[in-house]
Amino acid sequence: MRPLTEVKIGSLVLKNPVMTASGTFGYGEEYSPYVDLNRLGAVVVKGISLEPRKGNPPPRIMETPGGMLNAIGLQNVGARAFVTEKLPWLRQFDTKVIVNIFGETLGEYGEVAAALTGVPGIHALEVNISCPNVQKGGHVFGCDPGVSGEVTRAVRSATDLPVIVKLSPNVSDIAEIARSCESAGADALSLINTLLGMSIDVERRVPHLRNITGGLSGPAVRPVAVRMVWNTVNAVSIPVIGIGGIMEAGDALEFLIAGAKAVQVGTANFVNPRVTMEIVDGIEEYLLRHGFGDVNEVIGSLKTG
Amino acid sequence: MVTREDLTAEILSNAEVAPCHYLLALAVSPVYRDARPGQFVMLRPGGLGIPFLGRPLGIYSLSGHARGARIEILYRAAGRGTKVISTRCEGDRLEVLGPLGNRFTCFPGMDTAVLVAGGIGIAPLVFLAERLTTGPAKDRVRVVAYIGARDAATLLGVDRVRAFGAEVRISTDDGSAGHRGPVTELFRNEMGSFDTARTGVFACGPYPMLRRMGEIVADRPMPCQVLMEERMACGMGACLGCTIEVRGPGGPEYRQVCTDGPVFDLRDILWR
């Protein structure tokens, strides 16, 4: 018999715990030749702001050992165009659509949340308080427990959709920020966003990225992510979604065993566009192989003896 | 839906054809049968270290094969990724994603194609030369290829382009073959002989060379397409990493080389 793979993130029910990570899967359509979106637990789309954004000047990416640095700068079509041009296509699939949102001010976070609420086909919001690559908003909100809570509250009061707050790893105490978001009304937390990094072209003595610094992602960051997810799971009682360098099912299972209710697959999509489906299959195989009838038996099953 | 099999290529050969330059032949799935000049593939030797991401490489030739199609990639082992690819042998497998990107296009009434290649920029232009000379008679045009390289040893693609019936003009930086000096200057010296209303220019090479092409054709109404190259993660418009700046109606705009390109109108490019 096939094992059960449904997981619940608050009121949000996913057919399996595998989602795409924001900024690595476009608006879904880019991957449609490679991935049957019906097979995914959820699609988290590229971060959306109230108004369109051009993003950062190039060069924007650089390969690093076991990963990459990026400083895209939250290029996106804006909330209006997302709803009219991108969302209708996504509605045809039997998956959950989670919209990642961000603003430059507290007010803007509330406004973009409100603009996406009551729109058919949007099932949850993921609040980006952790982008390291823009001057305003993003990271600065995510580094301070008080401000993280305020952003959460601003979104919470603007929407009745499930609110997932995406946390930055570039903080000294992730548990404190997690608790602040929880008490401000977050339904779930997702982590980690990218780690701040930098790389230099030594021949020319210039940074590889025009933005100088960027966000590090890929398998190189996974142990950091697993540790932070473990810390966060132990600090809060709301569901935690694990993100960071997942390349295959075994990597996703690390997060689930550490206590994450679900996972997001990011940079791996760039390397293997079919990877999300392969991870869905791989988790099922694991459950069968270990005699688990339900993925929820695995979640938080870490033995620390 | 693209299958796992479509994302795998088998190496038929991978030979050093000039110092640091390799010709790679791959057996790929039937999805490549419709590949067009200008398009590229993302090639990845596998593994999670360096190289981690695929490398965007232009298609040099396309032909039939029992597996579906055979493509050739002519590349320079310049960085860590291409160096690893150059160590792979016949029978090895590579991860491949493609064909990707837009293509070179001809305009109605075009009867002459001028190709201007700098260094390894010759690779996608050889595929174009083949299509412009070996297609249905009504689609064939006169092809004049300006091929520039550092020296005679790294001058590539010349025999192939000649075999397609193209007229070839050669330049090298050191004068060891053909004209001595930049290929752009060789083209500039002769450009007056082309009918601007019927000639399309197609260029590929290092950015300083393409930029110089822009200056050379600035006051002549010849359409000029260039193939751009940027670092890429996904190759399909998701990562938004391979951005270049182009002239837009309301000012500078960003474009993605992978999906808006890699072929652009030279006059639209804003060089950084």
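A salt bridge is counted where a side-chain nitrogen of Lys or Arg lies within 4 Å of a carboxyl oxygen of Asp or Glu. The structure is a predicted model, in which local features need pLDDT of at least 70 and side-chain atom pairs count only at pLDDT 80 or more, while totals for chains, interfaces and linings use all residues; side-chain values use heavy atoms, with hydrogens and water left out. Residues are numbered from 1 along each chain as its sequence is written, and chains are lettered from A and ligands numbered from 1 in the order in which they are written.

By the salt-bridge rule, the count over all chains comes to 26. One of these joins the side chains of Asp251(A) and Arg222(A), at 3.1 Å from N to O. This pair links distant parts of the chain, for Asp251(A) belongs to helix H7 (residues 249-258) of chain A and Arg222(A) to helix H6 (residues 222-233) of chain A, 29 residues apart. Helices here are DSSP runs of H or I with at least four residues, strands are runs of E with at least two, and both are numbered from the N terminus. Asp251(A) and Arg222(A) are both buried. Buried means under 20% relative accessible area, exposed means over 50%, and partly exposed covers what lies in between, with a 1.4 Å probe and protein chains only.

The side chains of Glu5(B) and Arg67(B) meet at 3.3 Å, N to O. Because Glu5(B) lies in the segment before S1 of chain B and Arg67(B) in the loop between strand S5 (61-65) and strand S6 (68-76) of chain B, the pair ties together parts that are 62 residues apart in sequence. Glu5(B) has a relative accessible area of 45% and is therefore partly exposed. Another salt bridge joins Arg198(B) and Asp195(B), at 3.9 Å from N to O. Arg198(B) is partly exposed at 39% relative accessible area, and Asp195(B) counts as partly exposed at 42%.

The account now turns to the strands of chain A. Four strands form an open sheet in the order S5-S6-S14-S11 (chain A), with antiparallel pairing; two strands pair if DSSP finds at least two bridges between them. Strand S5 (61-64) and strand S11 (195-198) of chain A are the edge strands, each pairing on one side only. From one strand to the next, the twist averages 40 degrees, where axes are lines fitted to C-alpha atoms (for helices, over the stretch in contact) and angles run from 0 to 180 degrees between N-to-C directions. Within the sheet, strand S6 (residues 67-70) of chain A and S14(A) pair in the antiparallel sense over three bridges. For Asn70(A), the bridge partner in S14(A) is Gly215(A).

Ile212(A) lies in the loop between strand S13 (206-207) and strand S14 (213-217) of chain A. Its phi is near 70 degrees, a positive value in a residue other than glycine. With 42% relative accessibility, Ile212(A) counts as partly exposed. Together with Met198(A), Ile200(A) and Val202(A), Ile212(A) forms a nonpolar patch on the surface, with about 390 Å² of accessible area in total. Patches are made of residues with over 30% relative accessible area and no salt bridge, like charges being joined within 9 Å and nonpolar side chains (Val, Leu, Ile, Met, Phe, Trp, Tyr) within 5 Å. Accessible areas come from the Shrake-Rupley method with a 1.4 Å probe, and for residues only the protein chains shown count as cover.

A positive phi of about 70 degrees is also found at Cys20(B), which is not a glycine. Cys20(B) is placed in the loop between strand S1 (8-18) and strand S2 (21-28) of chain B, and counts as partly exposed at 43% relative accessibility.

Two peptide bonds also deserve mention. The bond from Pro58(A) to Pro59(A) is cis, with omega near -5 degrees, and Pro59(A) is found in the loop between strand S4 (42-48) and S5 of chain A. The bond from Gly98(B) to Pro99(B) is cis, with omega near -10 degrees; Pro99(B) has its place in strand S7 (residues 93-100) of chain B.
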